[in-house]
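Me: Please take a close look at the sheet in this model. What lies against it, and how are its strands arranged?

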Amino acid sequence: MPAKYYALNRYKYMWIYVMFDLPTNTKQQRKDAALFRKMLVKDGFSMLQYSVYIRHCASFANSDVHIKRVKSAVPSEGIVSVLRVTDRQFGDTCTFVGRKAEAPPSAPAQLELF
């Protein structure tokens, strides 16, 4: 029996953007902001800009898991926004550094298994 070929669906895979503006006026606020950033990195997010982190997810359901983790780690003060986009939409990202255009970061080389 021949093996079935499954084409990668660029609408199935998701990217999560976490954008935040956390206060850093007091020592405790700086500590809370640092712990939040460390939690994002530990959960597999990569820094796109100082207060913007991104993560690739294998499915919509998998992205829900990571969004719940972000929600549970939000500090008591500040604003955290989460944006979920498909791999297809992420591929249309344009990044400008100075006046040069750069390609968006590539998808992970290996597939995540859970």
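Reply: Contact here means heavy atoms within 4.5 Å. Angles run from 0 to 180 degrees between N-to-C directions. Keep in mind that the model is predicted.

Start with a helix. Helix α1, residues 27-42, lies across β1, β3 and β4. Its direction runs at about 170 degrees to β1. Helix α2 covers residues 60-73 and packs on the sheet too. Helix α2 touches β1, β3 and β4. The direction of α2 makes about 170 degrees with that of β4.

Now the sheet. The sheet is open and has 4 strands. Their order is β2-β3-β1-β4, and the pairing is antiparallel. The edges are β2 (46-49) and β4 (79-86), each of which pairs on one side only. On average, neighbouring strands are turned by 30 degrees against each other, direction ignored.

Look next at β1 and β3. Strand β1 spans residues 14-21, and β3 spans residues 52-57. The two run antiparallel, joined by 6 bridges.

Last, the cysteines. Cys57 has a relative accessible area of 0%, so Cys57 is buried. Cys94 is at 59% relative accessibility and therefore counts as exposed. The cut-offs behind those calls are under 20% for buried and over 50% for exposed. A disulfide is a covalent bond between the sulfur atoms of two cysteines. The disulfide count for this model is 0, with a cut-off of 2.5 Å between sulfur atoms.

Note on methods:
Residues are numbered from 1 along each chain as its sequence is written. This is a predicted model: local features need pLDDT of at least 70, side-chain atom pairs count only at pLDDT 80 or more; totals for chains, interfaces and linings use all residues. Side-chain values use heavy atoms; hydrogens and water are left out. Two strands pair if DSSP finds at least two bridges between them. Buried means under 20% relative accessible area, exposed over 50%, partly exposed in between (1.4 Å probe, protein chains only).
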